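This report goes through a helix pair, the nonpolar cores and some backbone features. Please look at the chain before reading on.

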Amino acid sequence: MTKISSHTAQINPTLASPAPVQQSATIQASNIQTPIITVDWQKIEATADQLYEDEPLTTDIFFLLSESESTAGSAADFYAKEFNVSIEEAQRRLILQGISAPLIEAVALELGEAIAGIYYDNNNPNEYSVNFITLKTVQAEPLKYVYQFKHKDYQYYSFPIYIKPSSDATQPQILALQEKASPEIFRRYPDTQLIGYSPASNTINVSIYTKTPDEAERKRIEAELTELVGHPVKVEFISGRITTM
């Protein structure tokens, strides 16, 4: 299993790569008329059930993680320490990761291009869930749905799904804005180390190296770059260089 090193693990749907455009003026998202989407949880469950029926789950993940993955240095051991949960809870979460792809696909088929981001929420010690950041035009009642797995070896496993309709742009639009603005961000702030999209906060995150961090300056840059990009930007100052760019 892949080690997870952040509090939210992003899941990227397949996206078309936007062509970079050199432009320093404020960039706005495409004005695409997106119809209101009403989430049908029963349809999602039926689709997920069918996907699992088409490609039945194996017991490999279950036995691997429940029997041999509690040793020091294992994925479960790393997860438990990283997110302050028990080994048993870490094993449970890693099993859910391993069997959740068809479920996530079922939700993605329902939401289509209205998705801005998908991520596992690792940071909540009381509940492990998969979260969908969507356009504000998505309507889900309720916003939380719990999927119960049907496979005999996983019938005691369930996975909470959250719909969070909080974005003004889809993920392709956001990544296009990021791609477009990146050359100008690097020109204005040559000590920029990383630029990336965070689905959990629905922001474009910019990490800038500085020896003298100043909160007022950070906020000023954050506001400047939010206006430049046309989407909320979160700026952090870091004390070490990550890249030589």
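Which hand, left or right, does the crossing of α3 and α4 have? The crossing of α3 and α4 is right-handed, where right-handed means that the near helix is turned clockwise from the far one by less than a right angle, and left-handed anticlockwise.

## Basis

The model is predicted, so local features need pLDDT of at least 70 and side-chain atom pairs count only at pLDDT 80 or more, while totals for chains, interfaces and linings use all residues. Residues are numbered from 1 along each chain as its sequence is written, and side-chain values use heavy atoms, with hydrogens and water left out.

Helices (H or I, at least four residues) and strands (E, at least two) are DSSP runs numbered from the N terminus.

## Helices α3 and α4

Two packed helices are described by the angle and the distance between their axes. Helix α3 covers residues 75-83 and helix α4 residues 87-99; their axes come within 8 Å and cross at roughly 115°. Therefore α3 is roughly perpendicular to α4 (65 to 115 degrees; under 35 is roughly parallel, over 145 roughly antiparallel, the rest oblique). Axes are lines fitted to C-alpha atoms over the stretch in contact, with angles from 0 to 180 degrees between N-to-C directions.

On the α3 side, A75, A76, D77, Y79 and A80 make the contact (heavy atoms within 4.5 Å). From α4 come I87, A90, Q91, R93, L94 and Q97. These residues divide into 7 nonpolar, 2 polar and 2 charged. Here Ala, Val, Leu, Ile, Met, Phe, Trp, Tyr, Cys and Pro count as nonpolar, Asp, Glu, Lys and Arg as charged, and the others, Gly among them, as polar.

## Nonpolar cores

A nonpolar core is a set of buried Ala, Val, Leu, Ile, Met, Phe, Trp, Tyr and Cys residues joined through side-chain atoms within 4.5 Å. The largest has 42 residues, and F132 and F149 have the most contacts inside it. Elements giving two or more residues to this core include α1 (41-54), α5 (101-111) and β7 (158-167).

Apart from this core lies another, of 20 residues, among them L177, I185, Y197 and V229.

## Backbone exceptions

Most residues other than glycine have a negative phi, and most peptide bonds are trans. N84, in the loop between α3 and α4, has a positive phi of about 55°. N202 also has a positive phi of about 55° and is found in the loop between β8 (192-198) and β9 (203-209).

N84 counts as exposed because its relative accessibility is 67%, whereas N202, at 8%, counts as buried. Buried means under 20% relative accessible area, exposed over 50%, and partly exposed in between (1.4 Å probe, protein chains only). The peptide bond from E141 to P142 is cis, with omega near 0°.
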